[in-house]
Amino acid sequence: MKINDSLTTPVHRTVPSGGWSTDAVEALFALPFMDLLHRAQNVHRAHFDPNEVQLSTLLSIKTGGCPEDCGYCPQAARYHTGVDNEAMLSADAVIAAARAAKAKGATRFCMGAAWRGPKQRDLDRVVDLIKAVRKLGLETCATLGMLRDGQAEQLKSAGLDYYNHNLDSAADFYGEIITTRVQDDRLDTLEKVREAGLKVCCGGIVGLGETRRQRADLIAQLANLDPYPESVPINNLVQVPGTPLHGQAALDPLEFVRTIACARITMPTARVRLSAGRDKMSDELQALCFLAGANSIFYGEKLLTTGNPQAEQDQALLGRLGIRVARNS
Ligand code: SAM
Ligand code: DTB
Ligand code: SF4
């Protein structure tokens with residue numbers, strides 16, 4: 001079946017010339033739910049096996065004490081969330097976690113650090129970790145904050161596959177959530193990552209109190225990165241007591257599904273990851289997210305500091321849906 005065979009609604013059928021405008025993505029969001037999901041499924045099926053999901057396991061290699069003020073984040077030193085400023089994990093602890101992730105079926109191992117950006121001595125240690133995790137036969141991803149000139153190249157030489165750095169939200173909402181950096185800083189790091197030849201993992205977080213138009217702006221910005229990211233995590237806010245966003249009205253779950261569908265339609269060949277927030281989602285809601293084109297999850301009982309479904313629970317869910325684990329990235 002061709003992508004647009006069954007589309008009856010007169011919105012953009014292919015990538016609009018000049019890229020995706022916020023208006024065009026907002027028009028996708030506004031489609032009747034069934035039309036939006038049908039369109040997302042068609043795009044998904046044109047590029048992926050619809051019955052496969054890729055599994056990434058996260059590990060926080062340096063937890064807490066972060067100097068940034070991201071309003072959603074339990075690791076910011078300035079919020080009292082009960083997350084302590086810990087030392088970096090030992091290489092043995094990281095390798096053991098990576099081995100366990102592989103044994104449970106993950107194909108990618110993502111190491112996160114609560115830094116504004118890595119200092120050179122931090123980066124040297126991460127380089128060793130990447131080499132060790134790679135030897136286990138896992139794909140590697142790192143999320144270490146903003147990178148300075150030359151740092152992305154060092155990560156690439158170590159064998160890193162992906163660098164995760166999210167745009168997080170709409171350009172005109174970013175400043176309401178984070179004041180210690182600007183979104184252009186994020187774009188600058190993403191450019192360094194691309195230039196070094198690393199694959200880009202870049203997405204965002206919804207449920208922050210943004211409007212639908214702002215969600216559309218986030219998706220349009222991601223889709224207009226040239227090329228768009230290979231991996232697109234869509235996080236639903238995990239509300240952590242002590243953070244400024246604790247108590248924020250929850251996003252309508254169907255609006256979350258719409259966000260996934262819009263990511264799928266605008267970034268047809270990307271792995272769209274159903275990311276933070278799954279712990280609070282029913283099996284049925286997650287199934288809708290897969291129907292909307294999500295084909296990756298964070299797998300393992302912890303994200304960085306907050307909970308995630310148990311591996312056994314996810315295996316049962318994938319089994320119920322007849323979904324296999326993707327072997328390729
Ligand atoms: N410190 C690095 C940075 O900010 O780029 C890397 C780690 S940071 C925790 C990675 C991403 O996790 C953020 O960009 C945000 O999208 C997501 N995140 C953080 N806290 C979250 C929360 N409470 N709920 C959902 N997603 C969250
Ligand atoms: C991403 O987009 N989401 C992950 C990963 N990249 C690093 C992190 C989610 C963090 C959720 C809050 C926590 O566990 O601390
Ligand atoms: Fe620090 Fe990253 Fe958390 Fe922001 S999201 S406070 S940069 S760890």
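This is a predicted model: local features need pLDDT of at least 70, side-chain atom pairs count only at pLDDT 80 or more; totals for chains, interfaces and linings use all residues.

A: A polar contact is taken here as a pair of N or O atoms within 3.5 Å. A backbone N or O atom of Tyr72 lies 3.0 Å from a nitrogen atom of ligand 1, while in the case of Arg186 a polar side-chain atom lies 3.1 Å from an oxygen atom of the ligand. On its own, ligand 1 has 550 Å² of accessible area, of which the protein covers 90%. There are 16 residues around ligand 1, and those that come nearest are Tyr72, Thr143, Asn166, Asp168 and Val238. Sorted by class, this shell has eight nonpolar, six polar and two charged residues, and the space that ligand 1 takes is the largest cavity.

Ligand 2 also takes the space of the largest cavity, and the residues around ligand 2 include Thr143 and Asn166, both of which are also among the residues that come nearest to ligand 1. Other residues around ligand 2 include Leu58, Pro74, Asn164, Pro233, Leu303 and Leu304. Its shell has six nonpolar and six polar residues, with no charged ones. Taken alone, ligand 2 exposes 410 Å², and the protein buries 88% of that. Phe298 is also one of the residues around ligand 2, and over the face of Phe298 lies Arg273, at 5.0 Å from the ring centre.

Ligand 3 likewise sits in the largest cavity, and the residues around ligand 3 are Cys66, Glu68, Cys70, Tyr72, Cys73, Ala76, Ala114 and Arg181. Tyr72, listed here around ligand 3, is also the residue whose backbone N or O atom lies 3.0 Å from a nitrogen atom of ligand 1. The shell around ligand 3 divides into six nonpolar and two charged residues, with no polar ones.

As for aromatic rings, a search of the whole structure finds zero aromatic pairs, although Arg108 lies over the face of Tyr162, at 3.8 Å from the ring centre.

How values were computed:
Residues are numbered from 1 along each chain as its sequence is written. Chains are lettered from A and ligands numbered from 1 in the order in which they are written. Side-chain values use heavy atoms; hydrogens and water are left out. A residue is near a molecule or strand if one of its heavy atoms lies within 4 Å of it. On a 1 Å grid over the protein atoms alone, a cavity is a set of points where a 1.4 Å probe fits but cannot get out, and a pocket is an open set with protein on both sides within 12 Å along at least five of seven lines; lining residues have an atom within 4 Å of a point. A molecule sits in a cavity or pocket if more than half of its atoms lie within 2 Å of its grid points. Ala, Val, Leu, Ile, Met, Phe, Trp, Tyr, Cys and Pro count as nonpolar, Asp, Glu, Lys and Arg as charged, and the others, Gly among them, as polar. Rings of Phe, Tyr and Trp (its six-membered ring) pair if their centres lie within 6.5 Å; planes under 30 degrees apart count as stacked, over 60 as edge-to-face and the rest as tilted. A charge sits over a ring if NZ of Lys or CZ of Arg is within 6 Å of the ring centre and within 35 degrees of the ring normal. Accessible areas come from the Shrake-Rupley method with a 1.4 Å probe; for residues, only the protein chains shown count as cover. A polar contact is a pair of N or O atoms within 3.5 Å; within protein, one must be able to donate a hydrogen and the other to accept it, and residues adjacent in sequence count only if both atoms are side-chain atoms.
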